[in-house]
Amino acid sequence: KQRGIKEIVVNAGDKYDLGEMSVRVLRIHDDSITANRINNSSAVYRFEINGKSLLFLGDLGIEGGRQLLATVDPALIKSDYVQMAHHGQDGVERAVYEAIRPQFAFWCTPSWLWDNKKGRDIRILRVLEQTVITDYFVIASATSSRTSCSPSPLVMNFTALPASSTP
């Protein structure tokens with residue numbers, strides 16, 4: 001704890017109402033997944049506000065994505081916006097994005113990866129193009145190979161949109 005900040009240990013299935021926004025914890029770390037252990041330890045959160053939903057996949061890998069599909073109600077996986085797993089590269093499989101069916105995708109990725117200088121996973125782009133994706137938002141760092149998927153003004157701007165608007 002720092003300066004009176006309350007620490008909350010979350011569990012899959014938890015829901016938190018934060019003013020007009022709600023947050024659901026869809027998945028937490030599972031010790032039974034030993035493949036790609038660090039990335040598959042990612043928690044998955046679904047944010048809802050103003051009739052819109054945003055799914056944060058973190059760095060989730062294939063096994064964590066399979067577990068998400070097997071254990072979570074498909075209605076909670078379906079979301080308007082998605083933060084691409086593992087920077088949109090070598091994360092979850094196609095079936096996860098098909099279940100999400102997002103309109104918008106947020107890529108937290110270094111510029112070199114988005115520009116495909118070292119092999120961005122083009123297969124994922126093709127999957128998204130076959131869904132209802134209308135826009136991609138790239139939150140890229142031009143000067144660093146490290147990126148953060150922490151909520152930024154760009155990511156959180158969707159909260160101000162009326163349900164019928166697009167960014």
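**Entry 1: terms and ground rules**

I began by noting that helices (H or I, at least four residues) and strands (E, at least two) are DSSP runs, numbered from the N terminus. The model is predicted, so I kept in mind that local features need pLDDT of at least 70 and side-chain atom pairs count only at pLDDT 80 or more, whereas totals for chains, interfaces and linings use all residues. Residues are numbered from 1 along each chain as its sequence is written, and side-chain values use heavy atoms, with hydrogens and water left out.

**Entry 2: confidence**

I looked up pLDDT, which is the predictor's confidence in each residue, from 0 to 100. The chain has a mean pLDDT of 75, and 64% of its residues reach 70 or more. Among the elements of the chain, helix H2 (residues 74-77) has the highest mean, 97, while helix H6 (residues 153-156) has the lowest, 32. Over residues 142-167 pLDDT stays under 50, and for this stretch the model has 46 contacts beyond four places in sequence, a contact being heavy atoms within 4.5 Å.

**Entry 3: the chain as a whole**

I counted through the elements and found six helices and seven strands in the chain, which from the N terminus on run β-β-β-β-α-α-β-α-β-α-α-β-α. Of the 167 residues, 41% count as buried, where buried means under 20% relative accessible area, exposed means over 50%, and partly exposed lies in between (1.4 Å probe, protein chains only). The accessible surface of the chain comes to about 9100 Å², and 51% of this belongs to carbon and sulfur atoms; such areas come from the Shrake-Rupley method with a 1.4 Å probe, and for residues only the protein chains shown count as cover. Among contacts in the chain with a separation of 6 or more, 59% are between residues 24 or more positions apart.

**Entry 4: salt bridges**

I then looked for salt bridges, each a side-chain nitrogen of Lys or Arg within 4 Å of a carboxyl oxygen of Asp or Glu, and the structure holds three. Side chains of opposite charge can pair when their charged atoms come close.

In one of them, the side chains of Glu48 and Arg46 meet at 2.3 Å, N to O. Arg46 is buried at 9% relative accessibility, whereas Glu48 is partly exposed at 24%.

Glu93 and Arg66 also meet through their side chains, at 2.8 Å, N to O. Glu93 lies in the loop between S5 and helix H3 (94-100) and Arg66 lies in helix H1 (residues 62-71), so this pair ties together parts that are 27 residues apart in sequence. Glu93 is partly exposed at 28%, and Arg66 is partly exposed at 47%.

Glu98 and Arg94 form a salt bridge too, with their closest N and O atoms 2.5 Å apart. Both lie in helix H3, four residues apart, about one turn of the helix. Glu98 is partly exposed, with a relative accessible area of 37%, and Arg94 is partly exposed at 40%.

**Entry 5: aromatic rings**

How many aromatic pairs does a search of the whole structure find? It finds four, counting rings of Phe, Tyr and Trp (its six-membered ring) whose centres lie within 6.5 Å; planes under 30 degrees apart count as stacked, over 60 as edge-to-face and the rest as tilted. The rings of Tyr81 and Phe104 have their centres 5.0 Å apart and their planes at 20 degrees, so I noted this pair as stacked. Tyr81 lies in strand S5 and Phe104 in strand S6 (residues 104-110), so the pair ties together parts that are 23 residues apart in sequence. Both Tyr81 and Phe104 are buried. Elsewhere in my search, ring pairs link Tyr45, Phe47 and Phe56 into a cluster.

**Entry 6: two polar side chains**

Last, I checked polar contacts, which are pairs of N or O atoms within 3.5 Å; within protein, one atom must be able to donate a hydrogen and the other to accept it, and residues adjacent in sequence count only if both atoms are side-chain atoms.

Gln83 sits in strand S5 (residues 81-83) and is buried, with a relative accessible area of 2%. The side chain of Gln83 reaches the backbone nitrogen of Leu57 at 2.9 Å.

Asp14 is found in the segment before strand S1 (15-18), and its side chain reaches the backbone nitrogen of Asn11 at 2.8 Å. Leaving out residues up to four places away in sequence, Asp14 touches Val9, Val23, Arg24 and Val25. I also noted that the C-alpha atoms of Asp14 and Tyr45, 31 residues apart along the chain, are separated by 9.9 Å.
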